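Here is a quick tour for anyone opening this one for the first time. Have a look at the picture, then read on.

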Amino acid sequence: MDINNKLFKDICDLSLAGITVSDPSKPDNPLIYVNPAFEKITGYSKEEAINKNCRYLQGNDEQSVEKEIINDALKNHKSCRVTLRNYRKDGTLFYNELLISPSFDENGNLKNFIGIQNDVTEIFEYKNKLEDKISKQLDVIRQRDLELYEFIKLKSAEELIENISHQWRQPLNMISMSASAIKTEKEFDVLNGEMLDNYIVNILDNTRYLSDLLNKFSDYTDISLNTLRDISINAEIDKALDILKGKLNNSNIEVKLELGEKNVVKKMKGDYINEIILELLSNAIEVLVDRKIDNPWIKISLSEKDDDIFIKLEDNAGGIKNQVDINDIFLPYSTTKHKALDVGLSLNYIYRVVKYKLNGLIEVHNTENGAQFTLKISKFNSMKDLKILYIEDDDLERNIFQNLLQKDIDTVVSFDNGFKALEEIKTNTEYDLLILDLKMPKMDGITFIKELKKLNISLPIIITSAYIDEDNIKELRKLDVNHHFSKPINYKRFLESMQEIMMVR
Ligand SMILES: Cc1cc2nc3c(=O)[nH]c(=O)nc-3n(C[C@H](O)[C@H](O)[C@H](O)COP(=O)(O)O)c2cc1C
């Protein structure tokens, strides 16, 4: 095939991308033209490349998905774009980003296919290296997380066992003393009925106390990690104090409580609050004991403001010293003269639990007495890591609302029609929430939900629409739609209802 026009010839000759033309009217759709860049990229000369189909570039690699895309495009006279693993004449691998487009004659009949080849090996290798690096780093982080988790569990368990044994010793002594008194007095024949009754009552009282204690401790271990519960912060603080009662009494530490009258509640999973308070309290106790503080005390206060809960824990141990920035003690493996030195790991763990699990913040500062840790926890759970599928046909509206959502939520995938969204959700089922426009030209919201049901996919749904009538509402109810919003949407209320939906899941 000859190219006559000088400008076109220059374009083809000077292009850095490979340009190829095939003739589908000939058997096996062979190439009839290749430009110099194709020769350079593949290592095959024009004479070697033309008059044959260039699938030989793929070597023996199975690339069925990509080939199916190409064959579908060739069959239906459409364009396609795929990235293939290809081999040069010298056998080296390169990644070929291939674009194929059909060209038609003036009567609309298929004439040729035009292929553009881009060597994207560098980008691919870079991407592979990056993915490899990220996956290795993720492994390290996951491993470290696991270690931290084990560490804090171990610490809490140690604490628990220490306190159980402390609180068991006294009643056990009483039981054993009463029993040996019965034995000795009987041996010397001085045991009368009244004394025996006393001893037995004593034994029974103490066994009951031990049994209550056991029940109380088993409550602590009954942690349902995966269900959202109403957690009373006041009760969590009490629990932590109860566990550390022995230690606090032994060290003569006064606990000043300012918990207020009202029960402060947060809906959450797991037992994080208890763990955090236990850890901070243990920390404070250790510093107070280590520094041999006179009249040691720990003050815990609890308050609420707007949507936040504040827990403050202060001690009179003199504060955290020798830190450039005092909040550095939350960094992993931070070093500090504060007793936190020994538990650098757990302070970092606490920091991350507060941030990621409780949607909060932890800070520390020195008061005139000592260190004060402030926990600020949002009453709402974080929605950052939700995955949202958003379908809206109006481009402008979709872009604006998606940008708004992305300020609060990391993953918002949007589509302008239901068909594309269905394809997506069939292959990617990890969505947490669907936001759906009711009135769309290609597939309306209600049909979309029905299609989802046919596929047995169920996820919370929020409907948005400029106008919703009574019939729509009835229909949406039947389809278990969680909420509907009339446009223009009040974003704050929208976020709140997302919170609600996600919390009860
Ligand atoms: C114009 C044109 C250029 C092509 N360029 C390449 C290419 O550079 N590398 C490649 O592996 N396949 C290329 N192909 C695709 C193969 O020729 C072939 O169509 C594909 O492997 C699917 O067919 P098969 O399943 O029979 O192998 C090109 C196809 C056309 C029509």
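## Two helices side by side

Ile233, Glu236, Ile237, Lys239, Ala240 and Ile243 in H7 meet Ile273, Asn274, Ile277, Leu278 and Leu281 in H9. Sorted by class, that contact has eight nonpolar residues, one polar and two charged. Keep in mind as you look around that this is a predicted model.

How do the two helices lie against each other? Two packed helices are described by the angle between their axes and the distance between the axes. Here helix H7 (residues 233-243) and helix H9 (residues 272-290) pack at an angle of about 45°, and their axes are 9 Å apart. That angle makes H7 oblique to H9. As for handedness, the crossing of H7 and H9 is right-handed.

## The sheet

Next comes the sheet. Five strands make up an open sheet, running in the order E2-E1-E5-E4-E3, with antiparallel pairing. Strand E2 (31-34) and E3 sit at the edges with a single partner strand each, so one side of each has no neighbour in the sheet. On average, neighbouring strands are turned by 30° against each other, ignoring direction.

Let's go through some of the pairs. E1 and E5 run antiparallel and are joined by five bridges; Ser22 stands opposite Phe113 in E5. E4 and E5 pair in the antiparallel sense over nine bridges, and Asn96 has Asp119 in E5 as its bridge partner. The hairpin of E4 and E5 has five residues between the strands, and in it Gly108 takes a positive phi near 85°. E3 and E4 also pair in the antiparallel sense, over eight bridges, with Arg85 standing opposite Tyr95 in E4.

The sheet has a helix on it, too: H4 packs there and touches E3, E4 and E5. The direction of H4 makes about 130° with that of E3.

## Around the ligand

Which residues come nearest to the ligand? Of the 19 residues around it, they are Ser22, Arg55, Lys67, Phe113 and Gly115. The elements giving two or more residues to this shell are strand E1 (18-22), helix H4 (64-75), strand E3 (80-87), strand E4 (93-104) and strand E5 (110-119).

What kinds of residues make up the shell around the ligand? They divide into seven nonpolar, 10 polar and two charged.

Note on methods
Residues are numbered from 1 along each chain as its sequence is written. This is a predicted model: local features need pLDDT of at least 70, side-chain atom pairs count only at pLDDT 80 or more; totals for chains, interfaces and linings use all residues. A residue is near a molecule or strand if its C-beta atom, placed from the backbone, lies within 6 Å of it. Helices (H or I, at least four residues) and strands (E, at least two) are DSSP runs, numbered from the N terminus. Ala, Val, Leu, Ile, Met, Phe, Trp, Tyr, Cys and Pro count as nonpolar, Asp, Glu, Lys and Arg as charged, and the others, Gly among them, as polar. Axes are lines fitted to C-alpha atoms, for helices over the stretch in contact, and angles run from 0 to 180 degrees between N-to-C directions. Angles under 35 degrees count as roughly parallel, over 145 as roughly antiparallel, 65 to 115 as roughly perpendicular and the rest as oblique. A crossing is left-handed if the near helix is turned anticlockwise from the far one by less than a right angle, and right-handed if clockwise. Two residues are in contact if their C-beta atoms, placed from the backbone, lie within 7 Å. Two strands pair if DSSP finds at least two bridges between them.
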